[in-house]
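Here's a quick briefing to read alongside the model. Have the viewer open and follow along.

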Amino acid sequence: MLLSSGQIDTVPPGAVFLGELSLEGTLRHTKGILAMVSVARDQGYTSVFVPTPDADEASLVEDIKVYPVTSLRHLIDHLRCENEIEPLDDDVWQTMDDTAGHYEMDLASVRGQEHAKRALEVAAAGFHNLIFNGPPGSGKTLLARCLPSILPRMAQQEALEVTKIYSVNGVLPPNNPLVLQRPFRSPHYTISNAGLVGGGRTLRPGEITMSHRGVLFLDELPESNHTALESLRQPLEDKVVTISRVSGSVTYPASFMLVAAMNPCSCGYFPHPTKECTCSPATVTRYQKRISGPLLDRVDVFVEVPPVEYEKLIEEGEAEDSSRPRKRVEDAREVQRERFKESEFFCNSEMGPTEVWKFCQLDDGAKGLLQTATQRLNLSARAFRRILKVSRTIADLEGAEGINIAHLAEALQYRPRTAVS
Ligand SMILES: Nc1ncnc2c1ncn2[C@@H]1O[C@H](COP(=O)(O)OP(=O)(O)O)[C@@H](O)[C@H]1O
Ligand SMILES: [Mg+2]
């Protein structure tokens, strides 16, 4: 319009203009700038004009010049070479390192439960799906909430992916162009299907997309609606979710780590060392059946969380904090980065059959154990591969190249099973 009304004579070649123009002529914050600028760069544009509030976000995209614009007047002056706008030159990535590192919950607040803490560390290191199963008050919710404190930092590529999702949804925190902390989402179990996997009348990404590269925590798992749980099966496998509509279909990223907590039965005390379970065997079975076999088959780490022992509760001082486990997880993640540098994977849990074959080499002792376990435990092909991936992560945590019998034995302990079967 400016060109055809003669208010300006030319526009620079290779430039894109993005942003919402208000009636007074100012440029307002606009959703999805990061995604739009990435596309512009990929299409060969060399400069982009964006609303000033979104300039930092735009500058995350490399190899494109970003001009912050406050008003239409401002832009016209620039295009007439009267009062030129300086392109942004600060490198947001440089300030990235020192902003991460503050956590609400720390493992120091969890007493005892060493076995569960170890499982949490293994799951965090390889990004494996995990379920805590145990009586009420044993600390399942507490443990899950400590997970962010030991998760590895996001790689640049991961941070960009998460930032794009937040930006498109308009939930990027102000003055924070880049999301650095892995998402940790904990929707209530009454959430709708569309809320969980995406969809709805205005087509929005669901919680599984909002937890991309982070954690989806489902507390009280058996209380969740059955259809919603079943709809997690496909994204858990494919790491993306496709939503079909009359007008076509959309695919959103959904590479999340599922963490869930459940009681073993409706009263919660099956089987408990000191409290009596008031459920009949049939009720216990029915309760556990709410989590279907195919869903359980997608869980890599299944952990029994027993009641906390009295001695542990009254111990003086705090438990070990999250700093050492976090360091071990980071180191294991470094090994994985090196392993997958030629591929698009980030972590062990993402490996497909070919990679499992290539990277999960067992020594002779481990091979023997795996053969016996596969026959005795009647493992499905999927379960078999999951066990190998978890063993790989356990070996990585130790800095070991090959998988030995101890690594495999620990992975087998985390195999999902229900108390009745
Ligand atoms: N292992 C533990 N160490 C310290 N406090 C604990 C532990 N387990 C439970 N608690 C306390 O009990 C409360 C309930 O724990 P929670 O994690 O909600 O149990 P669950 O989810 O297993 O029912 C927590 O807020 C915490 O204060
Ligand atoms: Mg709980």
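Which of the 13 residues around ligand 1 come nearest? They are R111, G137, K140, T141 and L142, where being around the ligand means having a heavy atom within 4 Å of it. Keep in mind that this is a predicted model: local features need pLDDT of at least 70, side-chain atom pairs count only at pLDDT 80 or more, and totals for chains, interfaces and linings use all residues. Residues are numbered from 1 along each chain as its sequence is written, chains are lettered from A and ligands numbered from 1 in the order written, and side-chain values use heavy atoms, with hydrogens and water left out.

**Ligand 1**

- R111 puts a polar backbone atom 2.8 Å from a nitrogen atom of ligand 1; polar contacts here are pairs of N or O atoms within 3.5 Å.
- Oxygen atoms of ligand 1 also sit by the backbone: an N or O atom of G137 is 2.7 Å from one, and for L142 the distance is 2.9 Å.
- On its own, ligand 1 has 550 Å² of accessible area, and the protein covers 67% of that (Shrake-Rupley, 1.4 Å probe).
- The shell splits into 5 nonpolar, 6 polar and 2 charged residues, with Gly counted as polar.

**Helices α1 and α6**

- α1 (residues 33–42) and α6 (residues 156–168) have axes 7 Å apart and pack at about 120 degrees; helices are DSSP runs (H or I) of at least four residues, and axes are fitted to C-alpha atoms over the stretch in contact, with angles from 0 to 180 degrees between N-to-C directions.
- I33, L34, A35 and S38 of α1 meet L160, T163, K164, S167 and V168 of α6, contact meaning heavy atoms within 4.5 Å.
- By class, that contact has 5 nonpolar, 3 polar and 1 charged residues.

**Helices α4 and α17**

- The axes of α4 (residues 114–126) and α17 (residues 381–398) come within 9 Å and cross at roughly 100 degrees.
- R118, E121, V122, A125 and G126 of α4 touch V390, T393, I394 and L397 of α17.

Terms used:
A polar contact is a pair of N or O atoms within 3.5 Å; within protein, one must be able to donate a hydrogen and the other to accept it, and residues adjacent in sequence count only if both atoms are side-chain atoms. Helices (H or I, at least four residues) and strands (E, at least two) are DSSP runs, numbered from the N terminus.
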